[in-house]
Amino acid sequence: MSGTTKKILVANSKGGCGKTTIATNLAVAFANQGLKVSLLDCDRQASCLHWAEERDAQAPNVKTVANYHSADKLAEQIVHEQDNDSDVIIMDVTGRHTDASLFEEALKASDLVLIPMLASSLDIKAGKRFVADLMTHRVMRATPRPIGVIYNRAQNNSANKQRLEDFLRCLGVPVITEIKDSPVYVNAVEAGAGVIEMRENAAANKEYPAWRDIMLWIDRRASGRRELPRPIQAGRKTTRANPKQARIS
Ligand SMILES: Nc1ncnc2c1ncn2[C@@H]1O[C@H](COP(=O)(O)OP(=O)(O)O)[C@@H](O)[C@H]1O
Ligand SMILES: [Mg+2]
């Protein structure tokens, strides 16, 4: 069993906040660093699986598996991925209210938690509740893990955003970065790609710094950490998804 597998939970009880978008782009970022990535889709909508079906066979591999059946099955799958020397396991999970036992299992397995959040007032209300619930969850109280919020489709100068930042600051939860509202994310999901693979696309290039922030944050906080290999320069150019390896720089 690999003792150095990073296990990352991407979660929020709110639908549509960007869990699958973040989970798939994160998986791509790790895969493009030459790491062995397992993406565990714990949502019945199975959006990660649909994404994986569209992925170019030549692109860096992201093993994508459905894991919404039961907490026990998820636990088994995590052991299986670790036994197969997976470097990174990413879990896309709806949240504790929809399936408490599945959420608890994913949380127990995780080294750190990423919470995508939108800046609408409803999303912020739900997000605040989710963060508060997460921080008081018995698994977190027994073994605290780093939590980071990613603002998805962030709007500048929003009063809601300021209120959320103030709330998170009180709890000591950092906002890792902001992700723009951009069609490149929709295009990437539809193409089974990540934005960092769309290197000929100017809007996608603008997203690189955000992904670098996220990768750095993870690398600094994940337990069992080790040096990540340097990203590999890609060769082929395309305006769609780049099926070869991309770099975040
Ligand atoms: N930053 C973004 N810019 C534009 N569209 C986005 C962005 N993030 C997510 N979306 C779109 O919003 C919808 C919901 O995102 P998704 O990742 O599926 O959320 P969740 O998995 O939390 O339900 C999808 O259609 C997705 O393509
Ligand atoms: Mg989803």
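**Exercise 1.** Find which residues touch the most other members of the largest nonpolar core.

*Solution.* Start with the term: a nonpolar core is a set of buried Ala, Val, Leu, Ile, Met, Phe, Trp, Tyr and Cys residues joined through side-chain atoms within 4.5 Å. Buried means under 20% relative accessible area, exposed over 50%, partly exposed in between (1.4 Å probe, protein chains only). Next, look among the 38 residues of this core: Leu26, Phe30, Ile90, Leu114 and Ile218 have the most contacts with other members. Finally, a separate core has 31 residues, including Ile124 and Ile147.

This is a predicted model, where local features need pLDDT of at least 70, side-chain atom pairs count only at pLDDT 80 or more, and totals for chains, interfaces and linings use all residues. Residues are numbered from 1 along each chain as its sequence is written, chains are lettered from A and ligands numbered from 1 in the order in which they are written, and side-chain values use heavy atoms, with hydrogens and water left out.

**Exercise 2.** Work out which residues of strand 6 point which way, and which strands pair with strand 6.

*Solution.* Strands (E, at least two residues) and helices (H or I, at least four) are DSSP runs, numbered from the N terminus. First, sort the side chains: Ile147, Val149 and Tyr151 point one way, Gly148, Ile150 and Asn152 the other, and all are buried. Now turn to pairing, which needs at least two DSSP bridges between two strands. Strand 5 (residues 112–117) pairs with strand 6 in the parallel sense over 5 bridges, and Leu114 has Gly148 as its bridge partner. Strand 7 (residues 175–179) also pairs with strand 6 in the parallel sense, over 4 bridges; there, Thr177 is the bridge partner of Ile150.
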